[in-house]
Amino acid sequence: MTAGQPGIVIIGVGNEYRSDDGAGIAVARRLRAIFPKGVTILEESGEGAALMQAWQGATCVMLVDAVRSGASPGTIHRLDARAAPMPAGFFHYSTHAFSVAEAVELARSLDQLPPHLIVYGIEGANFAAGIELSPAVEQAVEVMVERLAQKIQAAVDNFT
Amino acid sequence: MKSRTVRVDYLARVEGEGALLVKIKGEQVTDVQFKIFEPPRFFEAFLRGRKFYEAPDITARICGICPIAYQMSACHALEDACGIKITGPIRDLRRLIYCGEWIESHALHVYLLHAPDFLGYEDAIRMAKDHPDEVKRGLRLKKAGNEIVRLLGGREIHPINVRVGGFYKAPHKQDFSALAEELKWARDAALATVRWVASFAFPDFDRDYEFVALRHPDEYPFNEGRLVSNRGLDIAIRDYDQHFVEEHVAHSNALQSRLHERNSYFVGPLARYNLNFDKLSPMAQEAARSAGLGPVCRNPFQSIIVRSVEMVYACDEALRIIEHYEMPDPPAVKIEPRVGTGYGCTEAPRGICYHRYRIDDRGIILDCKIVPPTSQNQKTIEGDLRQFVQTRLALPKDKLQWQCEQAVRNYDPCISCATHFLKLQIESE
């Protein structure tokens with residue numbers, strides 16, 4: 001986060017070469033096109049230590065990642081990280097030992113969660129190699145971008 | 001006859017996907033299989049037909065934890081093929097970026113993956129509630145290592161600034177000032193890490209291993225040296241294929257390596273330490289001694305201490321290099337390809353990483369071979385478990401399973417690398 005900006009940080013998590021796993025990255029890129037400066041918008045692979053670093057010092061963090069929970073593709077889950085633990089097995093595509101859910105829980109153990117951390121999970125359908133989003137996920141990405149753009153605009157208006 | 005199975009269907013806290021099966025018949029361990037079912041990744045096949053200078057960036061993608069090892073082994077092998085040897089400040093920068101990788105990889109394993117085993121926690125998240133200061137120290141150490149890789153490599157994961165012949169861009173001396181301050185903190189933190197892990201309780205276990213590592217006349221090994229062992233192996237890197245073989249076994253997608261003449265061997269921090277104790281910096285040697293280690297350590301559970309000693313060394317060495325750094329100009333040696341075969345072997349955090357490339361006169365890769373450290377340790381891991389379980393058959397099943405997982409984690413196995421996930425199953429018939 002840079003000084004002189006509202007304390008809001010957007011983090012898109014995923015792998016753009018794994019089809020719907022790129023949903024979080026797509027959201028971050030589209031938001032950056034709308035807000036080219038003045039707001040911290042990050043793309044992350046999902047490696048836990050890097051995530052903890054990314055949200056350090058931020059007041060309000062909104063993180064978007066693809067999930068596979070069994071819901072219908074394109075479903076948007078909203079998890080308030082401060083309110084409840086991350087559901088186990090939600091963000092499990094990473095073979096890394098330490099990813100989104102672990103980063104949130106480790107930060108909670110260390111009392112390093114940002115004051116507001118909302119995790120949005122976009123239900124994916126296809127996680128095979130490829131760079132296309134499934135139609136339902138594409139739609140969810142658009143909904144997500146619109147929703148977050150409103151929140152960012154409100155934060156910017158409030159700040160200036 | 002009473003038979004049992006100990007089964008871990010998903011071994012956590014390792015990199016990648018795999019499983020472990022231990023079969024026990026009566027009072028005898030009859031079979032141990034370290035299974036790697038992460039799909040094969042065919043890196044060697046898709047390097048064929050690529051230009052020689054693409055190899056460091058392609059092979060970096062084999063691993064998100066140790067990309068530097070792949071980049072370095074690829075560079076050295078291709079420079080060898082082209083008849084070039086890199087010296088001076090570019091060589092120093094390579095050692096420096098390798099220090100960064102050891103620090104970040106070892107800090108992750110010591111603090112977040114292995115320490116919870118010794119302290120009786122299911123994972124680092126639960127451990128952090130009772131040991132917050134230690135976990136914070138581990139995370140900051142990892143970050144210090146990442147910072148070296150970011151500064152020299154352009155970014156922390158899959159760096160983009162390494163090339164055959166050197167670097168695309170070299171940092172100015174003043175770019176290191178903030179990093180040097182953090183590394184002084186990191187060196188103290190690494191010393192504190194050695195003291196912390198030395199206080200853990202270690203199972204009484206050792207075997208008569210053949211340790212294999214690089215050895216260099218002047219320094220603790222990262223990039224160069226001869227391949228040596230405690231049983232008389234002493235060969236040039238280019239003779240690797242004459243002494244080591246890779247075999248496919250039914251239960252693993254990763255090829256298993258063994259020595260032609262003997263059999264399984266042990267690579268990684270313990271092997272490096274046992275074969276190169278005299279080359280550690282005085283501060284690292286002193287840290288090892290005060291932790292109760294002699295110049296040779298055969299208990300793989302104590303590898304967590306050795307990893308911590310190596311963090312001390314890596315911080316110390318990084319500070320030494322930064323202090324004497326003069327910016328290389330140009331940052332890379334120009335390389336003209338020629339027909340030939342080149343060999344490279346460097347010390348990844350988990351042990352030796354061997355690369356061989358054959359190129360044509362236009363620098364096109366015709367054939368290559370990549371042997372990551374975890375595939376070399378597979379047979380040794382199986383051997384450890386066979387002996388370990390045999391003496392602990394009286395343990396309750398859940399405790400036995402826990403200790404088996406801990407024994408596998410002694411090797412910090414990187415399964416993603418080895419196939420270019422882990423489950424444990426102990427079965428009694």
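Okay, let's start with one residue, B:A318: leaving out residues up to four places away in sequence, it touches B:L96, B:C99, B:I148 and B:L183. Keep in mind as we go that this is a predicted model.

So where does that residue sit in the bigger picture? The largest nonpolar core has 154 residues, and B:A318 is among the members that touch the most others, along with A:I122, B:L78, B:I103, B:V309, B:V312 and B:C315. Which helix gives this core its largest share? That's helix α4 of chain B, residues 88–119, with 14 residues. As a general background point, nonpolar side chains in soluble globular proteins tend to be buried together.

One more stop in chain B. The peptide bond running from B:D329 to B:P330 is cis, its omega near 0 degrees. You'll find B:P330 in the loop between α11 (303–323) and β11 (340–348) of that chain.

Now over to chain A, and a glutamate. A:E44 is in strand β2, residues 40–44. Is A:E44 buried or exposed? Buried, because it has 23 other C-beta atoms within 10 Å, and 20 or more is what it takes. Its contacts, again skipping residues up to four places away in sequence, are A:I11, A:V13, A:A50, A:L51 and A:A54. By way of distance, A:S72 is 28 residues from A:E44 in sequence and 25 Å from it in space, C-alpha to C-alpha.

A:S19 isn't a glycine, yet has a positive phi of about 45 degrees. It's in the loop between β1 (8–13) and α1 (23–34) of chain A, and A:S19 is buried, with 22 other C-beta atoms within 10 Å. A:D111, also not a glycine, has a positive phi near 60 degrees. That one is in the loop between α3 (100–109) and β5 (116–123) of chain A. A:D111 counts as exposed, because it has 9 C-beta neighbours inside 10 Å.

Notes. Residues are numbered from 1 along each chain as its sequence is written. Chains are lettered from A and ligands numbered from 1 in the order in which they are written. This is a predicted model: local features need pLDDT of at least 70, side-chain atom pairs count only at pLDDT 80 or more; totals for chains, interfaces and linings use all residues. A nonpolar core is a set of buried Ala, Val, Leu, Ile, Met, Phe, Trp, Tyr and Cys residues joined through C-beta atoms within 7 Å. A residue is buried if 20 or more other C-beta atoms lie within 10 Å of its own, exposed if 12 or fewer, and partly exposed in between; C-beta atoms are placed from the backbone. Helices (H or I, at least four residues) and strands (E, at least two) are DSSP runs, numbered from the N terminus. Two residues are in contact if their C-beta atoms, placed from the backbone, lie within 7 Å.
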